[in-house]
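I opened the notebook to record what I could look up in one protein model.

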Amino acid sequence: MRIDIITCLPNLFEGPLTQSIVKRSMDKGLVELEIHNLRDYATGKHQHVDDYAFGGGAGMVLMIEPIDKCISQLKEKRKYDEVIYLTPDGETYNQSIANSLSLKENFIFLCGHYKGVDQRVRDHLVTKEISIGDYVLSGGELAAMILADSLIRLVPGVLNDETSALSDSFQDNLLAPPVYTRPAEYKGWKIPEILKSGHEAKIEAWRNEQAFKRTEKRRPDLLQ
């Protein structure tokens, strides 16, 4: 999988995408991830990537020209399955979308900023728009990190135990069941006896039951 992220704040990505599972996936050669500074594609001495909106109004808008130049140069090197714009009014992201996207190979993520991007970018350059929730961030960078992390962990070989992702919350529209580790008793708080039985079928049935109960209580909408 390859992910190219276009942003006017590239330094924001230095920590989250260079640690843990994401870093290991790149070290293994399973994932390529590149950050592109939108200002490198701007014209003029001051490398402006934003301007005032036609018709007036508060806030600045990311200009179409530097975005188009960056995307065009990337497309000269390879074919992309999706050009994804991170925006509050996009399709609300969930595990089902993550599963579907993880089957694809090459992505461009465009991070919105200020009051968003020139609408022509959305009309002619973007293939998919994604929101991580009904709230507004200062920019699309945090959303891009979330999207990248959620996709990368689904790439075969990234997780040491590939079945781990299949038991995560929202797979099969269920929340994950409770989990326990050693010690089996702490301050008088004991783990369920079934987990010490060694009976795999009964443990699995218990986990399925707990997952259903937790989902029914916390997210009944998932069971609709």
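Entry on charges. I counted Lys and Arg as positive and Asp and Glu as negative, leaving out His and the chain ends. The model is a predicted one. In the protein I found 28 positive and 33 negative charges, and their mean positions lie 6 Å apart.

Entry on the fold. I noted six helices and nine strands. I looked up the radius of gyration and found 22 Å, whereas a compact globule of 224 residues would have one near 17 Å. Along the principal axes, the C-alpha atoms fill a box of roughly 70 × 40 × 35 Å.

Entry on contacts and surface. Among contacts with a separation of 6 or more, I found that 75% join residues 24 or more positions apart. Buried residues account for 38% of the 224. The accessible surface is about 13,600 Å², and carbon and sulfur atoms hold 49% of that.

Entry on aromatic rings. I reminded myself that the distance of the centres and the angle of the planes describe a pair of aromatic rings. How many aromatic pairs does the count give? I got two. In the pair of Phe107 and Phe109, the ring centres are 6.2 Å apart and the planes meet at 55°, so I wrote it down as tilted. Phe107 and Phe109 are both buried. For Tyr186 and Trp189 the centres are 6.0 Å apart, and the planes stand at 65°; the cut-off for edge-to-face is over 60 degrees, so this pair is edge-to-face.

Methods
Residues are numbered from 1 along each chain as its sequence is written. This is a predicted model: local features need pLDDT of at least 70, side-chain atom pairs count only at pLDDT 80 or more; totals for chains, interfaces and linings use all residues. Side-chain values use heavy atoms; hydrogens and water are left out. Helices (H or I, at least four residues) and strands (E, at least two) are DSSP runs, numbered from the N terminus. The radius of gyration is taken over C-alpha atoms; the globule rule is 2.2 Å times the number of residues to the power 0.38. Buried means under 20% relative accessible area, exposed over 50%, partly exposed in between (1.4 Å probe, protein chains only). Contact means heavy atoms within 4.5 Å. Accessible areas come from the Shrake-Rupley method with a 1.4 Å probe; for residues, only the protein chains shown count as cover. The place of a charge is taken as NZ of Lys, CZ of Arg, CG of Asp or CD of Glu. Rings of Phe, Tyr and Trp (its six-membered ring) pair if their centres lie within 6.5 Å; planes under 30 degrees apart count as stacked, over 60 as edge-to-face and the rest as tilted.
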